[in-house]
Structures are given as structure tokens and as C-alpha cells.
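Welcome! Please take a look at the sequence and the 3D structure below, and then read on for a short tour.

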Amino acid sequence: MEEQEEYGQWVCAPFESNESHRMILGACRLDVDKFRKKGKMVYRLVIGWAYDKESDLPGEELSMEMEQVHERLEKVFKKDPVAVLTEVYTGDGLREWVFYTASLHIFQKKINEALADLPPYPLTFSAEEDPRWEEYDATAEIVKNLADE
């Protein structure tokens, strides 16, 4: 298990994609109870960044750009915790950041604030209601089991 002082307690594990059977690196935040118990973060939002699907992982330059976005997202939501980053996946031509938030509108404003001075990136956004964090629970169980192997 990996501890990150700055932004929570995380566990990481590689797993195989169900669709392509290619390797994906997954990371799941474990210390989320303080966010869940308030019952306000009911939206699960995924930010995706597609890259060359022929590569298992993004190249060095792209990885640095993705890391810059990642750091900006962590910083803006650490400063104003209207959302929490719960999962990160990289592989099979896609990086995904998964958040839970109470407000899609405020989340959008914070994303725009965090990335305002960066060039435009090919980010996609999807959101769904998940008030009981069922998607998170299923994923966290799988990643924890894989990490323990």
C-alpha cells in the first residue's frame, strides 16, 4: 500500500482490460470515508485523456503533461474540497481521473480555474449519479485484492 502525504492514502495495482486484454495501471484512494459520510458527493465524474492506443503507456512528454494536469487537479481540490479524486487509470490508450463531487457546476468552475493557463488538451468528461458510491466500492475491492496478490 502506498501512502501519499499530500493527497491521501492510495493503493496501486496493474490489471488486464476486459475489452482489449492489455495492461492498465490502476490507483484507488482508500481514505474516502470523511467525504462519503456527509452524503453530499453524489456525482461520479470521469475525466478522460486518450492517447496513442498502440502504446501501453503514454510517452515521456505526454506523461509529463498529464502529470501537470494531475497536480493542478489535486491542488485545486485540496484547497477547496468540493470534489475528491478517488481513482486514476492509465493504459490501453487512455488516462482517466475519477472524482466524486456534490456539484457538477462548481466542479466545472474549479477545473477551468485549475487548467486556465495551460494549453487546451483533448479531455473528455462524463458524469453519473452514484450517491452510494457503488462504482467506487466495486473498483476499490478489485484494486485492493490485486495489490495484495
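Here is a briefing on the chain, grouped by topic.

This is a predicted model, in which local features need pLDDT of at least 70 and side-chain atom pairs count only at pLDDT 80 or more, while totals for chains, interfaces and linings use all residues. Residues are numbered from 1 along each chain as its sequence is written, and side-chain values use heavy atoms, with hydrogens and water left out. The chain holds four helices and seven strands; helices (H or I, at least four residues) and strands (E, at least two) are DSSP runs, numbered from the N terminus.

**Overall shape**

- Starting at the N terminus, the order of elements is β-β-β-α-β-α-β-β-α-β-α.
- The radius of gyration of the chain is 15 Å, which agrees with the value near 15 Å for a compact globule of 149 residues. That radius is taken over C-alpha atoms, and the globule rule is 2.2 Å times the number of residues to the power 0.38.
- Along the principal axes, the C-alpha atoms fill a box of roughly 40 × 40 × 30 Å.
- Of the 149 residues in the chain, 42% are buried. Buried means under 20% relative accessible area, exposed means over 50%, and partly exposed lies in between (1.4 Å probe, protein chains only).
- Among contacts between residues at least 6 apart in sequence, 69% join residues at least 24 apart; a contact means heavy atoms within 4.5 Å.

**Strands and their partners**

- Strands β2 (residues 9–16) and β3 run antiparallel and are joined by seven bridges. Two strands pair if DSSP finds at least two bridges between them.
- Across this pairing, phenylalanine 15 stands opposite isoleucine 24 in β3.
- β2 and β3 form a hairpin with six residues between them, and histidine 21 in the turn has a positive phi of about 65°.
- β3 is also joined to β5 (residues 83–91), antiparallel, by four bridges, and leucine 25 stands opposite threonine 90 in β5.
- Five of the seven residues of β3 (residues 23–29) are buried, so this strand is largely enclosed by the rest of the structure.
- β6 pairs in the antiparallel sense with β4 over eight bridges, and tyrosine 43 has threonine 101 of β6 as its bridge partner.
- β5 and β6 likewise pair in the antiparallel sense over eight bridges, with glutamate 96 in β6 as the bridge partner of tyrosine 89.
- β6 is mostly covered, with six of its eight residues buried.

**Helix α2 and the cores**

- Helix α2 (residues 60–79) has 20 residues and reaches 28 Å from its first C-alpha to its last, close to the 28 Å expected at 1.5 Å a residue. The expected span is 1.5 Å times one less than the number of residues.
- Met66, Val69, His70, Leu73, Glu74, Val76 and Phe77 are the buried residues of α2, and the buried residues of this helix pack against β4 (43–50), β5, β6 (94–101) and α3 (104–115).
- The largest nonpolar core has 24 residues, and those with the most contacts inside it are Ile47, Val69, Phe77, Trp97, Phe99 and Phe107. At least two residues of this core come from each of β4, α2, β5, β6 and α3, and the largest share, five residues, comes from α2.
- A second, separate core has 13 residues, including Val11, Val32, Val84 and Tyr136. A nonpolar core is a set of buried Ala, Val, Leu, Ile, Met, Phe, Trp, Tyr and Cys residues joined through side-chain atoms within 4.5 Å.
- Not counting residues up to four places away in sequence, phenylalanine 107 touches Leu45, Ile47, Phe77, Ala83, Phe99 and Thr101.

**Single residues to look for**

- Glutamate 87 is in strand β5 and counts as buried at 0% relative accessibility. Leaving aside neighbours within four places in sequence, glutamate 87 has contacts that include Trp10, Arg44, Trp97 and Tyr136.
- Aspartate 92 lies in the loop between β5 and β6. Aspartate 92 has a positive phi of about 55° although it is not a glycine, and at 11% relative accessibility this residue counts as buried.
- Tryptophan 133 is in the loop between β7 (123–129) and α4 (134–148). Tryptophan 133 also has a positive phi of about 55° without being a glycine, and counts as buried at 2% relative accessibility.
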